[in-house]
Amino acid sequence: MEKRVFGKTGSAVSVIGLGTWQLGADWGSVTESDALAVLSAAVGSGVTFFDTADVYGDGRSERIIGRFLADNAGQGVVVATKMGRREAQVPENFTLANFRAWTDRSRVNLGVDRLDLVQLHCPPTPVFYSDAVYDALDTLVAEERIAAYGVSVETCEEALAAIARPGVATVQIIFNAFRRKPLDQVLPAASAAGVGIIVRVPLASGLLSGRYTMDTVFAADDHRNYNRHGEAFDVGETFSGVDYPTGVQAAAEFAAIVAEPGAFDASAAGDADEAMTTAQAALRWVTQQPGVTTVIPGARNPKQARQNAAAASLPPLSEHALGQIEDLYDKYFRAEIHSRW
């Protein structure tokens, strides 16, 4: 699989990674054996980047990854975790003492002496402007608790504030065909600063798989049920903040666009028009946007993990298809969500 330089870390990671929120909680139940099978299938398909957080299943996701790493040494997997959401979301909690405690817990969960990358996990907006916060993160690097740090953000404003800081190696942000605002400023700014971009929610919580209808039922413990209107956390994390009925209609049109003959670059090798899935096309859309380092779709079973990884080998979408997808965004989403995040 193609690898790209991972921002200021200097290492390289697969262009398709694996998000592991679903292996901890909030997407319905996944057994530990099933979770390990997903990790194995991803690595077997060329994935070298896992993204997790200390809050996913209250550390369950980290611990499962730690077990996998212990049993599969030498695979070259880079693991990024996140910290900050196990405490009240107030700026005063983002201190060096707490950072040390939080990263110590993650190091135990993952079974490592030094964390590859730690990201602030969508903290309150003032945190992104605090000199003391970045000084504390630099201290963690100096103490060799972490190799590098980045941020996970809700808004483009927060991303731009972080990119301006010299020690920030990566920014994680929601970006997909239904959430295009990062194209305006964030991706160009990150490229200019040498900051890696980790794309989360690339399938709009599954909408862009093309599999959901108005009759689809989500489990009670699935955030696509209980956070539909932002009841538990930022609504932008669920279906990218788009209205579900509108999203279902737009996803059907997206599926039709990418299924058309000539949707993929005819000059590139492969038979993508016949072989790809709608979800794979949505992932390929993300990876061909300038400035993207890696994209982290989730997977609840090995088949999904392998299919996600296979998106890396698709030819690029054609200019015609890209134009149609932009028109789709203008038709359904720009007026409603472009200014929000």
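Helices α2 and α3 are oblique to each other, a label for angles that are not under 35 degrees (roughly parallel), over 145 (roughly antiparallel) or 65 to 115 (roughly perpendicular). The model is predicted, and local features need pLDDT of at least 70, side-chain atom pairs count only at pLDDT 80 or more, and totals for chains, interfaces and linings use all residues. Residues are numbered from 1 along each chain as its sequence is written, and side-chain values use heavy atoms, with hydrogens and water left out.

Helix α2 spans residues 60-71 and helix α3 residues 96-110; the two pack at an angle of about 45°, their axes 7 Å apart. Helices here are DSSP runs (H or I, at least four residues), numbered from the N terminus. On the α2 side, Glu62, Arg63, Ile65, Gly66 and Leu69 meet Ser106, Asn109 and Leu110 of α3, contact being heavy atoms within 4.5 Å. The residues of this contact comprise three nonpolar, three polar and two charged.

Asn308 is buried, at a relative accessible area of 8%; buried means under 20%, exposed over 50% and partly exposed in between, with a 1.4 Å probe and protein chains only. Leaving aside residues up to four places away in sequence, Asn308 touches Ile16, Leu283, Pro297, Gly298 and Ala299.

Glu260, by contrast, lies in the loop between α8 (244-259) and α9 (272-275), and is partly exposed, with a relative accessible area of 31%. Although Glu260 and Ala321 are 61 residues apart along the chain, their C-alpha atoms are separated by 8.7 Å.

Key: Axes fitted to C-alpha atoms, helices over the stretch in contact; angles between N-to-C directions. Nonpolar A, V, L, I, M, F, W, Y, C, P; charged D, E, K, R; others polar.
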